[in-house]
Amino acid sequence: MEISKTSTGLKGLVSPDTVSTEVDIHQDGVTMVKSLCYFCHANCGVLAYVKDGDVIKIEGDPDYSNQGGLCCRGTSALLHVNHPARINHALKRVGAKGEGKWEKIPYDQAIQEVADRLNQIKDESGAEAVASAGGTTRTDDWARRRFLNQFGTPNGFHNALLCWIPTFMAETCVAGWSPFETDLAGAKCLILWGMNPGASTLGGMNGYTDLQKNGLKIVVVDPRYSETASKADLWLPLRPGSDAALALAMLHTIIYEGLVNWEFVGEWCDGFEELQEHVAEYTPEWAAPITWLEPDQIRQAARLYAMNTPGCIQWGCTWDQIGRASTTGSHAIALMRAVCGNLDVPGGDGMPGPALNYLTDEEMELNECLPEEQKAKQIGSNKFKLTSWPGYQMISDNAKRTWGKTLPTEWFCEAHGPSVFKAIITGDPYQVRALIVNATNPINSYGDAKMTLQALKQCEFLVVVDYWMTPTALFADYVFPAAGALERPTIVTHYGATDSIMGGRRAIQPKYDRHTDMTFWRKLGLACGQDPANWPWETEEEAYFHILEPLGLGGVESYNDFVDYYRMYYPPLHQNKFKANGFWTPSGKVECNSTILRELGYPGMPTYIGCIENEIDTPEIAEEYPIVLTTGGGFMPYHHSEHFQMQGIRYLYPDPYFSINPELAEKLNIAYGDWCWIETRRGRIKMRANVEPEVHPNVVFAPRGWWFPERDGSADLDNPFGCLESNVNVLTSVDDEHCDPMGGSWANRGLMCKVYKCGEYDKEYKKEDTQFSIPGSSSEPGVTVMPSDQKLAREPIPFEKPEPAEAVPEGYEWVWQSNTLYQKGTHFRLDESGWLINPRTKGYHDAHTGWRYDAANECLVDDETGKMYTMEREEIVFAAGVRCYPGQAAPYEVPENLTWNQEKGYATLGDKPYVYDPNSGWMLDPDNGAFHDANYGWLYDAATGHLVDEATGKHYDMSYAPVEE
Amino acid sequence: MTRYVMVIDQRRCIGCHSCTVACRTWNKLPLDIVYNPVVTEGAQGTWPNVHKSWQPLLCMHCENPECVPCCPSGASQQDEDGTVWVDPKKCLSCKVCVNACPYGMRDASHLEDRMHRYVRKCTFCRDKRQLDPSAQPYCVLTCHQKARIFGDLDDPNSEVSKLIGSVKTERLFEEFGTEPQIYYIPDLGGKA
Amino acid sequence: MKHHYWEPPIALYLFLGGLAGGILFLAAIFNSFVVPGYAEVFALPVLVSLVCVAIGCVFLVVDLGQPGVFWRVWTTSKSIIKWGATFLVIAAVFALLFLLAFIGDAWPIFAGLSGLLKPAADFFLIVAGFFGLCIMMYTGIMLSTLKAHAFWATPALPVLFTISAISTGCAAIVLSIGGWPAAMTLESLFVSEIVLEILHVVDIVLVIAELIVLLTMVLSFAGAGNETAKAAARRWVKGSYAGLFWVGMVGLGLVVPLVMYIGGGHSAAATLVAPILVLCGGCLLRFMVVNTDDRAEIPGENRYYNRLAKNDAEFITKWTYGDNQF
């Protein structure tokens with residue numbers, strides 16, 4: 001039977017003489033490959049059935065954590081690989097920008113042309129004039145950083161600021177690592193805060209549901225009655241964007257109702273009294289009008305969490321998307337966990353630390369290649385310091401001192417994306433001339449879409465690596481085809497921030513002229529003239545094996561072996577690690593008043609700051625824009641701005657719908673399905689109304705990411721592919737004073753808007769609606785304020801670092817918090833004993849040479865060369881593998897018939913060249929390592945078990961009795 | 001004897017549409033054919049006292065199917081194990097069965113060639129089970145929440161038998177006398 | 001809700017089938033009991049019925065997804081559709097035989113064939129008329145057995161369809177009685193006048209009966225009982241179908257022709273306009289009933305289906321697998 005062309009199915013997979021649509025995976029020539037899904041971070045297990053180099057079928061892996069489950073995106077993988085709109089060849093622009101005229105050219109030719117242009121720009125304007133934008137993990141970003149570091153530009157960035165990174169950094173400032181690995185099996189209570197696994201991480205939701213059945217209490221904090229909220233034990237429907245106020249009030253309640261874990265606080269928390277005083281004003285009554293919750297609701301939630309320990313708080317994207325108060329909120333939540341004693345304990349929030357047993361992403365990045373003066377040029381690092389070089393450097397140095405390894409610079413140390421876009425438009429602080437966009441469509445995923453679109457249009461040299469012809473790719477000079485799910489192996493390192501690893505194999509080689517992103521960066525690096533020795537791995541498999549090799553897993557000779565035999569690696573469960581060595585902060589304690597934050601010029605304790613627009617602080621805005629808008633949350637079946645091309649998915653959800661309470665809808669005369677305008681001070685978009693009481697009567701919830709790939713992008717270059725008209729990022733602001741002063745993230749939640757029905761004469765998206773502005777304003781188009789003249793939401797707080805009481809010796813750094821010296825470079829701590837201590841192994845090292853102390857052999861070892869030294873740092877000489885003591889008297893008893901050779905430092909037998917081994921009692925031949933007996937020098941023959949007199953050829957047994965043949 | 005049925009635990013369903021897409025992808029359905037929609041009335045109640053639940057639908061594989069006896073060509077039929085299916089080679093697409101189904105769970109695609117349409121419906125993945133009798137339907141396998149449980153009602157040890165015997169289940173439109181064989185565990189706001 | 005599976009061809013088929021059945025049934029009754037011996041006056045009406053059957057069958061077959069194998073309709077024993085198809089074929093065959101008995105009058109070349117068949121013409125018409133009755137009843141019964149649709153699942157529907165079929169048949173005979181292809185004698189012309197007079201009265205009765213059954217069915221649904229049927233009937237009585245129902249079907253299709261029949265004497269209003277209106281009313285009835293295929297809503301179903309893409313959405317036809325763009 002022929003499958004019709006409009007079918008969601010694939011042609012040719014079904015035998016024509018059967019009506020069955022089932023693909024027979026048991027037919028001859030089919031092999032099964034363990035792969036991983038590659039459409040979101042959950043990375044579910046996928047079994048791919050491959051025949052003749054093509055995947056004929058996929059299934060969820062029943063033996064993986066997803067238990068066979070795959071969501072809409074995962075099940076569509078095969079359709080994704082073969083989708084007719086995929087970019088399959090390198091495209092070179094031949095028409096005007098955006099005209100959509102392309103020439104297909106060979107991949108390597110395109111790489112060389114791009115490399116030549118990048119080198120030219122570097123020569124003319126410096127490496128920093130080249131920037132690179134990324135999206136969410138669908139890439140091996142260590143490879144990008146490896147390229148950027150060698151190229152010399154600090155201006156790589158992602159949407160990382162909206163997703164975990166500011167939270168991670170704040171949490172690390174408090175306790176030394178992010179406590180993000182929830183140990184739910186032992187937990188009594190779980191807070192899902194600003195997180196909706198029911199529409200994002202389905203495998204996780206399954207686990208939560210099972211645990212809830214067994215008694216786990218689940219609190220959901222969400223302004224929308226989400227999929228997850230519908231299953232919660234307690235739901236806190238707060239005002240969008242007021243998460244920081246809620247967190248502070250909960251922290252206040254926990255502290256002032258005495259619900260803290262006093263034992264933990266007493267032993268492990270520094271500055272608790274300061275914190276207690278600091279949060280005194282953040283009462284539930286104070287938070288009530290901000291959060292729209294009753295004080296008792298806040299108290300109830302705080303008590304539920306604090307009285308049901310151990311408990312977990314699962315990180316939620318919202319924390320990083322409320323704009324100015326983002327890091328304040330996650331900082332307060334970090335302290336909540338700490339004072340309740342939930343850090344790194346069984347049933348609490350686990351702090352995995354970096355991978356100590358295999359290579360971290362950071363070790364793959366070649367960060368040492370980036371000169372200090374280039375680091376200083378990182379755009380935005382003078383403002384948003386926590387997530388760029390200034391903050392990263394402090395946090396990273398501290399991590400190296402405490403853990404022995406650190407976070408990758410990708411994600412955790414990046415340029416401020418919106419500031420880079422502004423720099424493209426304004427040339428402030430300097431002109432960014434080239435942008436390499438990899439796996440992202442910034443118009444839809446970054447804030448202030450109109451400004452971002454303008455930047456991409458204006459960018460002198462734009463290179464895009466993507467699956468699709470996105471609105472961003474439309475303006476590119478070169479578009480590179482990316483290999484995706486099934487075409488590449490997958491390794492899950494959780495942004496290089498944890499110590500476990502999971503892997504999936506490549507099912508098929510990339511189709512057409514598609515290449516993986518690592519190959520892209522490698523080829524580009526080599527074409528730019530980077531040292532081939534720095535790009536040793538031709539394939540991901542080789543690179544991943546390099547990462548995993550230190551694990552020394554039995555039977556693993558390649559990456560594919562790892563997937564086939566292990567699939568994942570988890571270190572033995574290690575909780576309560578802090579009890580042995582303290583927390584991984586500079587002070588070794590949980591820092592209630594973070595020293596790193598203070599050193600960076602930020603408050604060391606969470607200090608409330610409101611949303612950029614709200615009824616209390618900005619009543620004049622609320623008058624014109626009375627409705628609170630929340631956006632940015634994930635929703636099924638899409639992921640970010642992806643999958644709008646997938647027809648089988650799009651059919652279920654063809655148009656954007658925003659949620660509005662029936663009460664408000666009635667007031668605004670809006671009926672279900674009506675197209676409406678949603679407008680903020682920055683602009684307006686249109687969506688259809690989903691009239692449903694899942695949101696507060698004064699709140700609307702709008703889904704993110706919408707664009708319309710089915711349209712002709714070039715037809716309207718003001719709004720290509722309709723990328724602005726239903727894009728919530730038209731409504732968001734990335735003005736510096738609207739961003740989180742620490743992390744630099746901008747607000748998707750808690751904006752003020754108005755909503756009105758599309759009128760008969762006002763239903764089209766017009767040119768005026770597309771005009772950009774800096775700062776974001778729909779009334780004043782164009783650039784009215786230069787970025788460097790913009791203020792921050794909070795002025796830096798001056799911090800004076802204490803001076804050391806004694807001079808710091810050469811080669812050491814002094815850490816004021818613990819009054820400790822650390823060796824530069826190695827970051828080993830100088831112990832009171834005068835030895836250096838390696839934080840990773842806890843081993844001792846010689847302070848002068850760095851050689852490791854080997855207690856078993858009572859000697860020093862240089863791990864780089866493998867050479868051993870005496871405690872006096874003299875090289876230990878070996879002959880035939882036996883330690884020698886030249887120039888010394890015999891340190892052991894020499895048998896009577898042997899002679900001590902002081903010059904050589906070992907005992908000999910007559911004039912024979914053999915070396916006496918005091919451990920075994922045998923003589924060893926330095927030439928071949930053969931054993932000879934110490935009385936006659938006869939050779940031991942392992943085959944017969946005899947001693948052989950080589951001169952006569954006679955055999956003797958072990959008691960020297962001749963053996964007759 | 002074998003009698004295949006499905007239990008759907010609405011207490012676990014979160015309306016992710018995975019089953020819908022898995023079904024249409026693996027069964028290679030035309031775009032306008034949805035075997036298993038997951039419907040909801042949306043949140044019910046007055047903010048903030050609301051509740052929302054989802055109802056995954058599919059062919060009810062009725063004990064007394066309305067759609068089988070009405071078929072003039074014998075295409076619409078029921079296996080001994082209860083599976084109701086349509087043989088595309090026999091179907092005229094007269095759509096009497098489509099109109100006979102009280103659940104709206106059958107249709108012919110309008111995106112296929114005008115002269116080569118046939119009525120399609122959920123078959124509990126009959127094609128798959130014919131290749132591998134122990135196989136589970138795709139919607140069951142793909143469900144992260146494990147909200148769908150498929151099995152043999154005539155086997156007292158099967159999970160479906162145990163569930164139907166122990167938990168209060170409901171069936172859709174029993175008043176039609178069709179004896180639908182999809183058993184729902186309703187989500188009344190409690191816990192799974 | 002997913003519905004309207006049956007499209008205009010089916011409504012037209014139900015109308016034309018009923019109409020043909022009505023013509024054959026009435027012709028057989030008149031030829032057998034009222035004015036025996038003047039079968040030639042019914043030659044043209046039977047031709048009309050045959051044309052209706054032919055067009056109806058074309059619509060029916062064309063509406064199938066796989067028309068090339070329509071004969072498979074006879075492969076099972078139980079289905080009502082199969083019986084309907086059988087009735088249609090038998091009625092059509094005998095109507096054709098009846099017609100062939102008179103075709104010689106128009107084309108002498110067939111005189112021999114006609115001569116051969118003429119003795120059995122009355123018998124042919126009786127058989128055709130009987131199966132015509134079966135067709136009329138079948139159209140209503142077929143819908144009424146589909147109990148998923150509350151508005152159809154009532155015994156009143158077959159009654160209504162049958163009355164309407166006879167009524168439209170009546171109107172069709174009025175418009176077509178007597179003439180080509182059969183050769184008419186003066187006597188047969190006179191007989192046809194008598195038949196017309198009787199039909200005039202019969203149709204008055206039928207229209208009144210239809211009005212009663214229709215109003216009873218719709219108003220009783222609208223007043224009480226099954227929620228689905230109630231909602232559908234309310235749509236007829238005071239919802240989106242109210243105009244079509246009250247003005248179109250009840251007014252122009254029934255009341256106006258009734259008034260014309262009663263008060264119009266032998267004017268063109270009574271002999272030409274009224275039958276045409278009755279035919280239009282009958283056709284409208286089938287369209288409205290077929291379109292009123294409401295099922296009981298599974299909660300949330302409408303919301304779901306309304307949100308799905310329409311089949312003309314741009315993204316559906318934008319990409320074709322195997323046809324790569326870049």
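**Helix pairs and chain contacts**

Me: H1(C) and H2(C) first. Is their crossing left-handed or right-handed?
Reply: H1(C) crosses H2(C) in a left-handed way. Keep in mind that this is a predicted model.

Me: At what angle do the axes of those two helices cross?
Reply: Roughly 155°. Helix H1 covers residues 8-34 of chain C, helix H2 covers residues 43-63 of chain C, and their axes come within 8 Å.

Me: So are H1(C) and H2(C) roughly parallel or roughly antiparallel?
Reply: Roughly antiparallel. The crossing angle is roughly 155°, and angles over 145 degrees count as roughly antiparallel.

Me: Which residues of H1(C) meet H2(C)?
Reply: Among them are C:Pro9, C:Leu12, C:Tyr13, C:Leu16, C:Gly17, C:Ala20 and C:Leu24. On the H2(C) side, the contact includes C:Val46, C:Ser49, C:Cys52, C:Gly56, C:Phe59 and C:Asp63.

Me: How does that contact of H1(C) with H2(C) divide by class?
Reply: There are 19 nonpolar residues, three polar and one charged.

Me: Now H6(C) and H7(C). How far apart are their axes?
Reply: 9 Å, with a packing angle of about 155°. H6 runs over residues 156-176 of chain C, and H7 over residues 186-223 of chain C.

Me: Parallel or antiparallel, roughly?
Reply: H6(C) and H7(C) are roughly antiparallel. Their crossing is left-handed.

Me: What does H6(C) bring to the contact, and what does H7(C) bring?
Reply: From H6(C), the residues include C:Val159, C:Ile163, C:Ser167, C:Cys170 and C:Val174. From H7(C), they include C:Leu199, C:Asp203, C:Leu206, C:Glu210, C:Val213 and C:Met217. By class, the contact has 18 nonpolar, three polar and two charged residues.

Me: Switching to annotations. Where does UniProt put the transmembrane regions of chain C?
Reply: The unreviewed UniProt entry gives residues 12-35, 41-62, 83-103, 123-144, 156-178, 198-222, 243-262 and 268-289.

Me: On to contacts between chains. How many residues of chain C contact chain B?
Reply: 34, and they contact 41 residues of chain B. Helix H3 (80-106) and helix H11 (301-307) of chain C each supply at least two residues to that side. The side of chain C that touches chain B divides into 17 nonpolar, eight polar and nine charged residues.

Me: And how many residues of chain B contact chain A?
Reply: 41 residues of chain B, against 47 residues of chain A.

Me: Which element of chain B gives the most to that side?
Reply: H1(B), with six residues. Strand S3 (44-46), strand S4 (49-51), helix H3 (126-131) and helix H4 (138-142) of chain B are also among the elements that each supply at least two. By class, the side of chain B that touches chain A has 17 nonpolar, 13 polar and eleven charged residues.

Me: Last one, chain A. How is it divided into domains?
Reply: Domain 1 is 30-70, domain 2 is 106-166 + 355-439 + 482-569, domain 3 is 181-350, domain 4 is 812-869 and domain 5 is 878-956. The centres of domain 1 and domain 5 of chain A are 60 Å apart, taken over C-alpha atoms.

Me: What does UniProt say about residues 30-85 of chain A?
Reply: The unreviewed entry annotates them as "domain: 4Fe-4S Mo/W bis-MGD-type". In the model, that stretch of chain A is 16% helix and 38% strand, and its end C-alpha atoms are 28 Å apart.

Note on methods:
Residues numbered from 1 in each chain as written. Chains lettered and ligands numbered in written order. Predicted model: local features only at pLDDT ≥ 70, side-chain atom pairs only at ≥ 80, totals over all residues. Axes fitted to C-alpha atoms, helices over the stretch in contact; angles between N-to-C directions. Helix = DSSP H or I, 4+ residues; strand = E, 2+ residues; numbered from the N terminus. Parallel < 35°, antiparallel > 145°, perpendicular 65-115°, else oblique. Left-handed = near helix turned anticlockwise from the far one by under 90°. Contact = placed C-beta atoms within 7 Å. Nonpolar A, V, L, I, M, F, W, Y, C, P; charged D, E, K, R; others polar. Domains from an automatic or database assignment. UniProt positions renumbered as here; feature names shortened; annotations may be inferred.
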